[in-house]
Amino acid sequence: MKDTSKLWDLLVVGAGPAGIAAAINARVRRKEVLVLGAEIGSSKLRKAPQVDNYPGLSGISGEELMERFLDHARGLGAVIEEARVEMVYPGEEFTCMTKDFQMFKARAVILATGVRQALLLPGEKELLGRGVSYCATCDAGLYKGKDVAVIGDSPEAEGEVNFLAELCHKVYYFPLYKGDVQVSSNVEVRLEKPRAILGEERVNALYLSSGEELPVSGVFVIRDVKPGEQLVEGLKLDDGAIVVGRGMETNIPGIFAAGDCTGKPYQIGKAVGEGLTAALSAVAYLDQR
Ligand SMILES: Cc1cc2nc3c(=O)[nH]c(=O)nc-3n(C[C@H](O)[C@H](O)[C@H](O)COP(=O)(O)OP(=O)(O)OC[C@H]3O[C@@H](n4cnc5c(N)ncnc54)[C@H](O)[C@@H]3O)c2cc1C
């Protein structure tokens with residue numbers, strides 16, 4: 001992993017088409033760019049067997065298009081690292097904390113995290129911050145010695161489960177994916193589906209598909225793609241999409257957004273165009289400062 005003491009001009013969260021287009025255009029303008037992606041590229045785009053609507057490259061496979069995007073950005077000197085960003089903290093400069101507690105600093109940030117069309121559980125929004133958490137790294141300490149449930153939609157959540165198991169009295173794990181589950185032996189893996197998070201002032205139980213109300217003090221929901229407001233406190237959203245202006249600026253000065261995370265249509269061309277616009281706006285923001 002890179003030197004985390006460096007102050008980057010621009011940090012891009014997400015290495016899909018939007019993030020890579022942003023990185024390419026910021027490099028063309030000679031900015032120091034770090035891209036942090038939970039994966040290198042976009043598994044979404046890689047799944048497209050054939051892309052027929054990207055200008056000039058009719059019929060190209062998603063896999064090849066993604067590789068070409070990455071080669072282009074790397075060729076221009078963008079640094080692309082695999083790391084999941086957990087939180088972005090605004091300030092005089094921005095600090096991005098990754099899942100493994102590394103801190104990266106940048107003068108501007110572009111969010112290009114894509115979209116996940118997942119419904120929230122009943123009670124999830126209402127009890128957010130009052131027993132519902134999206135980040136074990138950030139909130140585990142609040143649940144020391146308590147019973148918690150973790151809902152994970154990919155094996156990536158298992159690291160967070162094991163981390164919680166070191167601190168909590170009891171951890172119930174609800175994997176929402178198929179395949180092997182590898183968690184510590186003191187974690188109870190449950191195969192029922194969580195249906196709702198219960199509680200008035202605070203979370204007190206998880207309601208399961210079996211009809212059981214499992215008493216817990218906290219519920220960690222670990223999704224592959226976090227909605228924007230879980231990444232940056234105070235970020236303005238509309239129906240789950242990050243609200244942006246024509247320059248792809250968000251309501252937080254110095255933070256821009258591009259691609260599927262800003263709303264429909266969910267298309268490569270739109271993601272790439274927004275990535276370009278966000279990069280140019282970020283460059284203008286940096287140059288003004
Ligand atoms: C099967 C399929 C076929 C498709 N075919 C077409 C097509 O033919 N034409 C077309 O125009 N579009 C197509 N699309 C849509 C297209 O793939 C998306 O619109 C495009 O990939 C959006 O790019 P993006 O960069 O905004 O988001 P994504 O491609 O979703 O990339 C976002 C990246 O950010 C990463 N990320 C998320 N959260 C974090 C975090 N906290 N920290 C670090 N990284 C993070 C994700 O892992 C992901 O890699 C298809 C989609 C699918 C699923």
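Guide: Happy to. Let's start with terms: two strands pair if DSSP finds at least two bridges between them, and helices (H or I, at least four residues) and strands (E, at least two) are DSSP runs, numbered from the N terminus. This is a predicted model, in which local features need pLDDT of at least 70, side-chain atom pairs count only at pLDDT 80 or more, and totals for chains, interfaces and linings use all residues. Residues are numbered from 1 along each chain as its sequence is written.

Our strand is strand 14, residues 218-222. Five of its five residues are buried, where buried is taken as 20 or more other C-beta atoms within 10 Å of the residue's own, exposed as 12 or fewer, and partly exposed as in between, with C-beta atoms placed from the backbone. In a regular strand the side chains alternate between the two faces of the sheet. Here, G218, F220 and I222 point one way, while V219 and V221 point the other way.

Now for the strands alongside. Strand 7 (residues 132-133) pairs with strand 14 in the parallel sense, over two bridges, and V132 stands opposite V219. Strand 8 (residues 147-152) also pairs with strand 14 in the parallel sense, this time over five bridges. There, A149 has V219 as its bridge partner.

Next, look at helix 5 (residues 157-167), whose buried residues are A157, E158, E160, V161, L164 and A165. Seen down the helix axis, they fall within an arc of 155 degrees, so they line one face of helix 5; the arc is that of the directions from the helix axis to the C-beta atoms. These buried residues pack against strand 14, and also against helix 4 (136-139), strand 8, strand 9 (170-175) and strand 10 (187-189).

Finally, step back to the whole chain. The domain assignment gives domain 1 (7-116 + 226-288) and domain 2 (132-222); such bounds come from an automatic or database domain assignment. The centres of the two domains, taken over C-alpha atoms, are 30 Å apart. Six residues of domain 1 are in contact with four residues of domain 2, contact being C-beta atoms, placed from the backbone, that lie within 7 Å.

Key:
Contact = placed C-beta atoms within 7 Å.
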